[in-house]
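Colleague: I am new to this structure. Please take me through its features, one by one.

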Amino acid sequence: MKLTQSLKSIYIGILSLLLFFSSCEDKVEKSELKDKVPPKDYTSKVYPQLDTENSRWFFFSSASRPFGMVNLSPDTQIGGAWGSGYRYKTDTIKGFSHIHAWQMSGVSVMPVTVSEGDRKTIYTDFYSKFNHETEQIDPGYHSVDLDRFDIGVELTGTKRVGFHQYTFPGQKQAAILFNLNTLLGPCKNSGGNLWQNKNNELSGSVVMDPTRRRPKPLTVYFKVELNTDITSIQQDSDTGNYLVNLKGVEKKVLMKIGISYTSVENADNNIEVELPNWDFDTIVSESKAEWNGLLGRIEVEGGSDEEQSRFYTDLWHALQGRRIISDVSGTYPDNTGETFRIGQLPLDETGAPKFNHYNSDSFWGAQWTLNTLWGLVYPEIMEDFAHSLMQYYKDGGMVPRGPSGGNYTYVMTGASSTPFMVTAIQKGIIDEDLEGVYQALKKNHMPGGIMEKSGYEHLTKLGGGFKYYYEKGFVPYPIPEGDFGGHQEGSSLTMEYAYQDWTLAQLAKKLNHQEDYGYFIQRSKNYKNVFDTESGWMRPKDISGQWRKEFDPYQVQIGFIESNGAQSTWFVPHDLEGLAALMGGNDKAVEKLQNQFMKAEELNFTSGNSHAQELHPEYRRIPINYGNQPSIQTAFVFHKLGRYDLTQQWSRKVVAKAFSGLSPATGYNGDEDQGLMGSLAVLMKIGLFQMNGGTDQDPEYQIGSPIFDKISIKLNPDYYSNATFTIETVNNSKENVFVASAVLNGQPVNGYVIRHSDIIKGGNLVLKMTDKVNE
């Protein structure tokens, strides 16, 4: 049949419409498929066992949320802060405890099976072998089998609640041992109490005894909920610990343990708010999603699978270790006064706390690590910690440098929180009550402030030698009055105080305190008073101003904190040009540091593979040590002296030797203080650094040598632009470590530096890489 022309036109029109709608449906279908593509799982790239042969109590994390009050994980070693917690080579589990924090531990439990003959011995004989081959660890989740009892253990949790799932064997009496009175990591747990509220509910408390670093006790309260009934509770008269016997178990046993440092009622409320359901798998998924949200702020492309895995493990370390101590309601423990009190954080219009309160190791070294990473990628975290530090000031009269148990610990030295707070202000993260913040920080830099206190010096103010710095411009070594704390090495103290004074001066300048600015700038030059022009090194001086005789710049901890003179000589992050002038000019300074790096390379830039090896006869004489904080900035010293090529070369070599590898035997090769080394590794791998800690006006970033082809930093729109800042490298390889040119948003970059104000707008930095030095 033939179609007329008009019918043909109608037919073609209908066919066209059908094809159009079919095309639209296809596009919609493809769009829907695109929307349904699962988000990237960055947690799958994390290797939690990294360096766990060398870890300490707060180092390892598994069933934990970022900065969670609860950090639930297995303990294979429980004796002391060092060499304890989850240690990979120990094949025996000694309990699952909920608190792994700076100078804090507590609430250790162990699922067991018991017979009548075990009931008297189980309190002291409950350890179980396990096998790494049947173990699974992901951020927010840990699964392990207890071989002795044939019990499968799975762990997850929320910020303040640990969530357990146990699979018991049939035909055996299931029970849970609450090992409340025990040595547990950094401190002894004592005074443990447990009582039953309902058929499936318990409450309890335990005291964390004081330590040399944390001078006051702290009580942790907890609430327990089970999905099965309790048949009986027995308390052992010798240990004081408790065995909770469960009703015949034919399904998985679920247990929630919420903790609080203020009351059982608040522990109960933490459960009610954070974990009202019993869906274990959902909580695992939610934990993974929270970790992915933070890890995904930086997307890296290129490099090997191992390099990407190591990168996200480093980033994961930067987001843990320091722990929340406030409840969901904002109540928190305040131990800064003569008597313990329960504090209350300020609330927003919805009744929620405006910020969290924290337990934290020192910010010593944070100027080259957390300051930059958090300040750029996680401004909301930096703001939270800044408000917490100021809460301590409001409660106790000083901004802390490492609080634990709601109190000051005086860990390490100086006023290391000053650079942290100043960079938060210079980056616009803290923008309210700047005058109040300034006065609080200034107090720490004057007599009566925290700068006077040496490490763990609770009862005096003589160990930091501050009165000599204040009057003479340097801290003598030894301190004439004697030993009062740790880390009383005068040359290091002088340099640290000088740098921190410079950072405070920048805030004084911002707030137009011209007299204060001049005063603290003058004090910031005090580092010159411990530089010996004859030897060319920083050198200890005694009280009379005489240089230490028979001085050896490679002798560790003689005038220098956790370092030697060669390492610490370069601790002048605020005035490297001035330091170079003392050495005879930039060329001589560069030559000196170049020789140090070549020698340090022979030892892989670290003092062994753990903090404990820094006093080893060979390792302690290393000229540069990337295993501890005092000299981790040195690769970028070249940058400030105009030798960008040497910064690019040596930073790549340090990454390859000190911050690569993916095994329990390696990782940070020293002292990974709650994310400091993880943060440093991240910064060196993306090629951004801040020598002065980001404390200058419109902070400057020095460009290094990224190891990836592309790095995308997703900026937080609540603080910066709703954009992405990308770093692209062209012709990047293990050989092409030098930056031939740098172009930011189409414009050449001079001096291989970019400003914070440029980065936070979003944009694109293109680095052309080469294997030849850019003349």
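Modeller: Start with helix α6 (residues 379-396), which gives the most to the lining of the largest pocket, with eight residues. Helices (H or I, at least four residues) and strands (E, at least two) are DSSP runs, numbered from the N terminus. The model is predicted, so local features need pLDDT of at least 70 and side-chain atom pairs pLDDT 80 or more, while totals for chains, interfaces and linings use all residues. Residues are numbered from 1 along each chain as its sequence is written, and side-chain values use heavy atoms, with hydrogens and water left out.

Colleague: How is a pocket found, and what volume does the largest pocket have?

Modeller: The general idea is simple: rolling a probe the size of a water molecule over the atoms shows where empty space is left. Here the search runs on a 1 Å grid over the protein atoms alone. A pocket is an open set of points with protein on both sides within 12 Å along at least five of seven lines. A cavity is a set of points where a 1.4 Å probe fits but cannot get out. Lining residues have an atom within 4 Å of a point. Points are joined across faces, edges and corners, and a volume is the space filled by probe spheres set on them. The largest pocket has a volume of about 580 Å³.

Colleague: Which residues lie nearest the centre of the largest pocket?

Modeller: Phe-355, Glu-383, His-387, Ile-430 and Glu-432, out of 21 lining residues. By class, the lining has 10 nonpolar, three polar and eight charged residues. Nonpolar covers Ala, Val, Leu, Ile, Met, Phe, Trp, Tyr, Cys and Pro; charged covers Asp, Glu, Lys and Arg; the others, Gly among them, are polar.

Colleague: What about the second largest pocket?

Modeller: That one holds about 430 Å³ of space. It is lined by 21 residues, and Glu-307, Arg-652, Ala-656, Ile-707 and Lys-734 are the closest to its centre. Helix α16 (644-658) has the largest share of the lining, six residues. The classes here are five nonpolar, six polar and 10 charged.

Colleague: How many cavities are there?

Modeller: Four, counting those of 30 Å³ or more. The largest cavity has a volume of about 150 Å³. Its lining has 14 residues, with Trp-364, Gln-367, Glu-496, Phe-571 and Pro-630 nearest the centre. Helix α10 (residues 490-510) gives the most, four residues. Six lining residues are nonpolar, seven polar and one charged. The second largest cavity has about 50 Å³, and Phe-58, His-317 and Glu-672 are among the residues that line it.

Colleague: Now a helix. Which residues of α2 are buried?

Modeller: First the general rule: an α-helix has 3.6 residues a turn, so residues three or four places apart point the same way. Buried means under 20% relative accessible area, exposed over 50%, partly exposed in between (1.4 Å probe, protein chains only). In α2 (residues 264-274), Val-264, Asn-266, Ala-267, Asn-270, Ile-271 and Glu-274 are buried. They sit on the same side of α2, because they cover an arc of only 165 degrees around the axis, taken from the directions from the helix axis to the C-beta atoms.

Colleague: What do the buried residues of α2 pack against?

Modeller: Several strands, including β10 (161-167), β13 (187-198) and β21 (331-334). The face turned away from the buried side carries the exposed Glu-265, Glu-272 and Val-273.

Note on methods. Contact means heavy atoms within 4.5 Å.
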